Amino acid sequence: AVFDDVMADWGVKRLMMACSVTETLGGIFLVTHFLACSWYYLGARANVVGRPGWMDALQEPLPTEPFEFYSLSLYWVLGHLVAAPVDPDMAPQNNEERNFTICTIASSLLVVGTGISKMTNAIAELNRANAEARDTTRQLRQVLRATGVESTVVSRMVRFALHSRYRQRDFTADQKVMALLSNSMATELIVHQRSVSLNVHPFLALIRDSHPEVFATLCSAFVASIYADEELVFCKDTLSERLYCTLNGRFVHRRSLLSDMGTYASMKVDPTQEARLSVLPDIRISLGSLCSSDERHIVEDCDCIVDTFHRSRFLCETSLFCHGLHQSELRTETFADALTLTGSDFAKCVRATPKCVGLVYRYAKGFLKLVSDNTAIHSEYVPLGEVRRLCEMLPKSVASEEADLESPAPDETPVVALVESLAGVGVQADACLVESLPELFGELHPTAGVYAKLGQESERKRALASMCSFAWLLSDDLGRFSEAQPPDKRIGKDMWAEFQSFVRWVGLTKDEVHAMLVFLVLRGLGKVSSFLKAMPFEDRRQESVVQRLLRCMDTQVPCKTLLNYEQLNLIENCLCMHQAFNLAQLLQGENAPHQISELQSLARVHGDRVFKFSLFAHLAFMCGIRGAEAPGSSLFMDKNMSWSVLLALNVLRDVTKAPPVAMYWTFICSRVETIGLAIEEEEDLALARLACLIRATPDSVDELKGAWRGLGSHERQSLTKHFLADGDNEPAFVFTFLPLYLTNARNNVVVGLRRALVVLIDILDLLQAGACAEKMGLPTIAVNLEDFGPFAKEVKSPGAFMAVTEHSTIVERGSELLLTISTKHKQSAAEATWTEEPDHDMHASLRRIGRAVGAVTHACDAYHAKNVGDGGGAGRRRSSAGRQSSAALRSISKESWPRRSPSVVGVGGSDIVWT
């Protein structure tokens, strides 16, 4: 091993010098050989033609063999090259020989000078390298000896430092040299350098063939690591974070015969990656899964396998797709090096290419299943033969993968006939529309369409229900529209008349009707998880998926091929509006006035036609929400829901004229007026929005008011400030899945609405403590509470629920914040008892005590202002929430509310008067 290390340190430079000297000497010999042959030829030719030559001047005894003449010629040439004395008997005897002699003397300067220069440069390069090595050795020895390190350790460190220095030169070029290359050339250089080692892995080779740009990025993302002899690369029961590709040196892989993989049960999956790993069973190593003995030296101990190897091998590949603990140990026997890649870097490389994300996702699922199901395969070393078989089961190309999702091409004639019938005023649509639509739009075909091939039967039926409801609205067919609704909830003729007034106000043209049908066909595909996961991580929205389908996938969604440019542009602009504003969120009070402000801006940019089209699109797909139960009519848009939807449509129709804050609070206040919730004080606005969030009914108003009064004044003030933030004058947090969280908390007897509101205040404090609004720099910050809904439903201990924010983490995901609950705390939801953890629960207790103190201070200030007076100082110290409340109340005076009775909202009648 010592000899190998010394040769690794010195052999390369010595060999380079030896090659340079050999090359120089060989060049000089070739030149002298050519000149000697030429001198011999001139002498022999002079004898043949019978004129004097240098051979005639030779004294006795004359040479008899050609080799003897060649030897004399070589001696003569070398003498002239190095300016050494030459035998005077070999002097030139004719003009040709004299001219040749002159050329030989002249060329000697060039030949000898070039040879000496090359050897000098080689020696200088070696001396320079040796000087750098000596300087490195000197500095390192000086530091180590000053710290009292033993001489044997000093020698070992010096040898490794020199080895590492030379290996780093092999991995990367000098920065000055790399700066001379363009980015693409530098990447190409790295690919050529590392592809030889990485192409051995079948999946990386598959990425190289299908997505070469991703493979180039991956090559650049690998980090070169150099290890000393007897160095621990990773050890058992530590976090597995990176893939290892060993290159040079001898490694020792030690693993237990009874490797317990139960530690993967509690792993936390990186939210930036796609593969999710469930609890893996115990995995035991079998000698039958090992490679041939010429690649490894295997020693089976009583409780472990010691595997020594020196060839390229890929270890810990599971770390690219999930978090877990190492179940083995890797050490080096000699100086060695490897390429490493972390899971986060791997995700960054592939996320920019959606199709590659899909390929990686399917491979990760298959790989993790292979590791979990096959007890003969160790999780940290999977033989490349198994990986190759797994890759063979993946699609051979993107084209073959997309071909599997092709839908039947549409027939233009019947589609145009349907559009013309729906665009006609008062024309009855076909009664068997639910059966004919799948034939007209191949995407909806029950067996050959893209929905069926993706296993999205529920979404297919929702799309059918939306299209049928759209047809019944255009053809004024109340019977078929409400056919599936229960009699006691069926929509009445008065509300149907309001819907017809809205249809006339929109006034869709024939081209717009066709565009709407295509939009309703495609919108459900935006919810397909495989399409969403194929999008860049920061752009995983339903609207973004539909936009990509419109731009790229002609064979999968052929219905768009019948649209012209204006129709496609109309759908694109509609999707932009839907991405900025969601009508369903407004109905639940889930968004903020800033979303209406964004809708207002887009309506002014894209025009009135796009705005009306987008509103009708909202109405159409909401009609099909319960389409899985009744695809031929609208089960969702019954009497109760129709009132709220019509109210929202009535408020939004003047979006380009009215103030966004006034429109928002007009809708909220008008909606809660029907459940008996009056707006008289500032806090009533926040209570009204909360009533929309919990989907309050007249019977649940008392429960809502009781939970609100159960909060302290400072807590109510905090919620009021949050619910009244408009996102324009100050940042606002918009909580997605907040209605689900509040509903589940209400239905859970151990939680209740009051505790849910207290935890919501804790969440607001957590976001403010982290300065999330300042860091994001956005008017409205979306906060995803997806984890909190199921937790509020399943938790069995009030203490565990109240401590949930102390076991939560804020993760930035694009323009959204994701609030995740720790795995350990999720598991505590099933426990009926909760043991407080002082380190975590102390913070929550201190926050609540601080809120209580603030409430007392606030009450004292109010009492002082009322009974003593401070010249208006208390009024000046009023909170920003109070100022917002007053502004909101002024913006929604009674004259700004709809003039008609709440039971029938006028859409096509008189305009709303805004103040």
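Reader: Which residue forms a salt bridge with lysine 826?

Author: Glad you started there: a salt bridge is a side-chain nitrogen of Lys or Arg within 4 Å of a carboxyl oxygen of Asp or Glu. This is a predicted model, in which local features need pLDDT of at least 70, side-chain atom pairs count only at pLDDT 80 or more, and totals for chains, interfaces and linings use all residues. Residues are numbered from 1 along each chain as its sequence is written, while side-chain values use heavy atoms, with hydrogens and water left out. For lysine 826, the closest N and O atoms are 3.3 Å apart, and the partner is aspartate 787.

Reader: How many residues apart in the chain are lysine 826 and aspartate 787?

Author: Helices (H or I, at least four residues) and strands (E, at least two) are DSSP runs, numbered from the N terminus. Lysine 826 sits in helix H36 (residues 823-827), and aspartate 787 in the loop between strand E13 (780-784) and helix H34 (788-794). The pair links distant parts of the chain, 39 residues apart.

Reader: How many salt bridges does a search of the whole structure find?

Author: Another of them joins glutamate 96 to arginine 51, with the closest N and O atoms 2.7 Å apart. Glutamate 96 belongs to helix H3 (residues 95-146) and arginine 51 to the loop between helix H1 (2-49) and helix H2 (66-81), so this pair ties together parts that are 45 residues apart in sequence. The search of the whole structure gives a total of 19.

Reader: Is glutamate 96 buried or exposed, or something in between?

Author: Buried means under 20% relative accessible area, exposed over 50%, and partly exposed in between (1.4 Å probe, protein chains only). The relative accessibility of glutamate 96 is 34%. Because that value falls in the middle range, glutamate 96 counts as partly exposed.

Reader: And what about asparagine 573: buried or exposed?

Author: Asparagine 573 lies in helix H22 (residues 565-580). Leaving aside neighbours within four places in sequence, asparagine 573 is in contact (heavy atoms within 4.5 Å) with His606 and Val610. Relative accessibility is 13% here, so asparagine 573 counts as buried.

Reader: At what angle do helices H18 and H26 pack?

Author: Axes are lines fitted to C-alpha atoms, for helices over the stretch in contact, and angles run from 0 to 180 degrees between N-to-C directions. For H18 (residues 493-506) and H26 (residues 639-652), the axes are 10 Å apart and the angle is about 35°.

Reader: How many nonpolar residues are in the contact of H18 with H26?

Author: Met495, Glu498, Phe499 and Phe502 in H18 meet Lys639, Ser642, Trp643, Leu646 and Leu649 in H26. Ala, Val, Leu, Ile, Met, Phe, Trp, Tyr, Cys and Pro count as nonpolar, Asp, Glu, Lys and Arg as charged, and the others, Gly among them, as polar. Next to 1 polar and 2 charged residues in this contact, the nonpolar ones number 6.

Reader: Over how many bridges do E14 and E15 pair?

Author: Within this pairing, glutamate 812 stands opposite leucine 817 in E15. E14 and strand E15 (residues 816-821) pair in the antiparallel sense, and the number of bridges is 6.

Methods:
Two strands pair if DSSP finds at least two bridges between them.
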